[in-house]
Structure formats: C-alpha cells, structure tokens
Amino acid sequence: MNELPLGSRLVRLLAATERGVIGGLMAAIVVLTLAQVIWRYVLGNPLQWSEEVARYCFVWVTLLGAATLLRVSDGHPRIDTLSLRAGPRLRSALDVFSRAMVILCSIAIAAGGLRMMQLHWEQRSPSLELPMAWIYVAMLLGPLLGVFWALWCGAHGNVEDEV
Amino acid sequence: MSTVVLLVVFIGLMAAGVPIAFALGLAGIAMAAVIPDLSMLTALTLFAQRLFVGIDVFLLLAIPLFILAGTLMEVGGTARRLVDFASALVGWLPGGLGFVTVLSAMFFSGVSGSASADTAAVGSVMIPAMKRKGYDAPFAAALTAGAGALGPIIPPSVLMVIYGAMGNVSIAALFLGGFVPGIIIGLGLMGLVYAMARMRNYPSEARVGLKEIIARFFRAFLALLMPVIILGGIFSGVFTATESAAVAVAYAIVIGVFLYQELRWSQIPKLLYRTGLVSAKVMFLIATATFVGFLLAHQKIPQAIAQNLLSISREPWLVLLLVNVTMLLAGCILEVAAALIILGPVLIPIMQSLGIDLVHFGVVMVVSLAIGTIHPPVGNCLYIVSALSGASIARCSIAVIPVVAVMIFVLMLITYVPDLVLVVPRHFGF
C-alpha cells in the first residue's frame, strides 16, 4: 500500500471520503424520517424541520453520487452496444467522446449551480432558515468532482470501491 | 424544430455510449439553445434550477428507503425463509422447484421494490437448487427473471413511486392496483412451469406435513408481515409513503439484527452507501428528465403529440395499444426507470385527455416496462440470472421467450380489463 504514488493515495482517500459522506447522509435520511413519525405519534409534537433537512440530504446524495458513479464500472446507465462491438481504436475514441460529453454536461450544471448560488445568496430555507447556498453548492461541487473523476479514470482507469 | 434538435442530440449521444442522464441533459441544453427567446445564461440557470426541483421532492425519498429496506431484508436472511415457506406450500407439485421460485419471488416482492433486487435474492437460492435437480439452466434462469420482474408490480414499488410523483397519483392506489396483475402473472408463470415439467419430466419435492408448513410459516411470518405494515400504514393515514418506507427500514433492521440475527451492525454502513449510489443513478436521471420535461411543456410538445395521436384515433383501445407497443419498444432500448421517466410526462397528459384512469394506466405502464427488464439487450434481470446460472445470455434470451409471452398476454389482459387493476383500490375507497 505504501508504495503507491501520492496521487493514487489521495484518490483512495477521496473515494473513502465519498463513501463516508454518502453513507452518512443516507443514515441521516433514515433517522430524520423515522424521527418525524416518532415525534408525531409517540410524542405528539410534530417536527417541522425534519422533512426539509432529509430532502436537502438527498439532493447532496444525488449530486455527490452522480459524481461517484463516474469512477466505478457499475455506474450511470448507458447503452454500450456500439462500443462493445467496436474495434479497439473506435472504442477508445468513443470513450474519449463520452467522457468529453460528461464533462461538458457537468460544467453546464456547475455553471448553473454557481448562478443559482449568486441569485439566492441571501435566501434562507423555509423552516430551519438554513442558507440555501449550502444546498445549491452541491450543484457546483458535485459536478466538479464528476469532472475530476471523468478525467482521472480516463487516464488511470476506474477507481472501484474495495469491499 | 427544437424537438428535432432534442431528439437528434439525445439519440446520437446515447448511441455513442454517453450515459443516458448526461445525454438527456445535453440534449435539453441543445434544445434550449435553439429556442429563440431563451439566452444561454437563462438556460443554464434553468437547468440547475430544474435539477434541484426534480430531486427536492419528499415523496421521492421513498425510493432510497424502499431500496434500502429490500437490501436489508435480503442480507438479513429473509429470502431463504420465504423460499422455505414457499417450498412447503407448492414444492410437491410437478416441477416443484419452479413453483417455489415463482411463489417465493411473489413473497419477496412484498419486501422489495425493484426487479433486480427480487431476481438476485430469489435467484441466488433457487437457480443452484433447480440446477442440482436437473432443470435446464437456461429455463431456470429465464423463469427466475420473469418471477423477479414481479418486484416492481407487487407493492412496494420504486417505479410506482416515480410514476405517482410524476402524475400526482395516489401511491396507495397504485400499490393496491399492482396486486391482481402481479398474482395473475405469477399464476401464468406457474402454468408455464407445469407445462415444462410435464414435457421435460422435472421432479417434484417431497410433500411436507401440516405441522412443518405451520412452523415454516411462523419463521417467514415477520417477512410476510412487511407489506402489510407498509400498506396498512399508508391506507390508515398513519404514515405517508415515504414515512412507511422509513418504518420498513427500521423493521428490516430489527428483524435482521435481533430476530433472525443474520445482519450485523457492521454491514449497515456499506449497505447505506450502496443504496445511496443506486438511488443517485435513478435520481440523477429524474433530475435531468425534469429539465427536459419542463422545456417540452414550455414548448407545448406533449399537447402536440397528444393531438397527433388523437387525430389517428380517439378510440381508447387503439391508443392504449399504440402506447403499449411504444413502451415495449422503449423497454428494448432504455433501462426501465429511464423509460418511465422519459415517457411518463408525455403519456400521462394524453391518458388524462382520453379519460383513462391514471391508476389503471400507471399499473399498465409499470407492467409493460417490467417486461423490458427480462429481455435483451438492456434487461438487468436477464444479466443477473445469466451470471447466476452460468448459461449464456444468448441461451437465456431464447429460454425467456415463453416467459415474455406470458407477461405480454397479462399486459393485454389488464390493459383491456381495467377492473382487474382497479378492483382492489376501489375496494379500499380509491
């Protein structure tokens, strides 16, 4: 393990962080939704904010997960009929093209996300009054992470989760 | 014009192997670029904004929670207990293990919301068992795929949650509507097993005494109770669909960790992460499709398609036939959730204008798309059973033909006899 170059070690650390954050947000969604039921029926005191936080956690899970899915082989659904039948040169050309398109789309989302942050910088969420920028920033960071994975995996191959 | 750009870019990128969600997003941007009164900056802002709006829906939280509950149940040793109970009930019939496969998949559909989970859970137990008893591997595989396709038809169902969110249709009514079609498909598959068993002399298992049946029922009871808790909770108004899914997760953890003691706490973080990734796949697609759906609605495209379609015929039976064929074809190209997400917003308004019940149509749509999960080229379940059975995709594809035929027959039946779908929801007052 220690012989790995610094870049690879950092990449493994990044992948491990993703696993932790996505798993943690999922746990939060389960706990918050259950808490909502318990507070309403058992304690008779409905929570006003749990639903909102759970939804925002899911926005983060989706946008981070969409980036993570770019580094594993069992990733985003796609039609690979053509590339499976192509010769080695066409196949690598298709791979480069596909990565370029993923990057283009990710940059478009990141640009839109940045604009959303600018437009709603002062806005607060309805019940907890969280700064909405904290949520919209997922649309900037997620796609940028996706661009990184598309480039890294294009150069070095996929980064799978070790189980 | 803008629609042509959308379609050309979408199909071109998809054929080149760009992930569907990204192809859809880029096609949407290309479409926005040719809409005259829409600047690029506005289009990009709109893109991000619609992505956010598409994900930020409380009902859709039911998707990761139902997937998680099904996974926890599988890891927690539920599948084996359901198989044991099913084999006590139907194992003695000719082709007994085939019957057991179908019945246990029907039971497992009640705890899982997706076809691939159902196929993997039942297949990993039943396919090796069938092969040991001399069943042909491709038939064992094809049968398991068909039975697994009941996952999204018998409640709970991830696809029904997505449809309900798109069409603003009651999730409870959709869930109830899936029961009868699911049971008919199950019976149809059992008929197929019976015919095959007679033709190929498949063995039957030893009959099990009543005492043993009761004992196995009690071992499987907690798992069998899960759909009752989910559905009962939603109907009685005790919880929303999303909350019921969270309760199902808690229930699965309690059963797996404390009662069956096959699930360890240390496994849960990994399962949470896996579920997060699987959900992100579906949700990211929903998000980009929300953007495209907004553009289409802005350009009044669904209305235009509806008008064209209705100018061919206003006969509901003919329109339904056309729509079914479209969905079956879509299932040949697109992964099932993707097909639902892309076609739903176009088809739902058409059905509304024809006066077709949206609960009925939702179940029809789920059944027709579920068929796409078991045949090539994109059927997930077929790939799972091929891997589990060791039979090649080509041989599985041939063996699956009668299974697909049974399912298409049931699809036509429920399309033209809406009462089969609606009788249960009506009984509960929907």
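Predicted model: local features only at pLDDT ≥ 70, side-chain atom pairs only at ≥ 80, totals over all residues.
Good morning. I begin with B:Trp265, which is exposed, at a relative accessible area of 52%. Here, exposed means over 50% relative accessible area, buried under 20%, and partly exposed in between, with a 1.4 Å probe and protein chains only.

Residues are numbered from 1 along each chain as its sequence is written, chains are lettered from A and ligands numbered from 1 in the order in which they are written, and side-chain values use heavy atoms, leaving out hydrogens and water.

How many aromatic pairs does the structure hold over all chains? The total is 18. Rings of Phe, Tyr and Trp (its six-membered ring) pair if their centres lie within 6.5 Å; planes under 30 degrees apart count as stacked, over 60 as edge-to-face, and the rest as tilted.

One of these pairs joins B:Phe217 and B:Phe218 edge-to-face, at 5.4 Å centre to centre and 70° between the planes. B:Phe217 is partly exposed, at 29%, whereas B:Phe218 is exposed, at 55%. B:Trp265 pairs edge-to-face with B:Phe258, at 6.1 Å and 70°; B:Phe258 is partly exposed, at 48%.

Ring pairs also link B:Phe217 and B:Phe218 into a cluster with B:Phe85, B:Phe107 and B:Phe221.

Finally, I turn to charges over rings, where NZ of Lys or CZ of Arg is within 6 Å of the ring centre and within 35 degrees of the ring normal. The charged end of A:Arg71 sits over the ring of A:Trp149, 5.4 Å from its centre. In chain B, the ring of B:Phe294 has the charged end of B:Arg50 over it, 4.5 Å from the ring centre.
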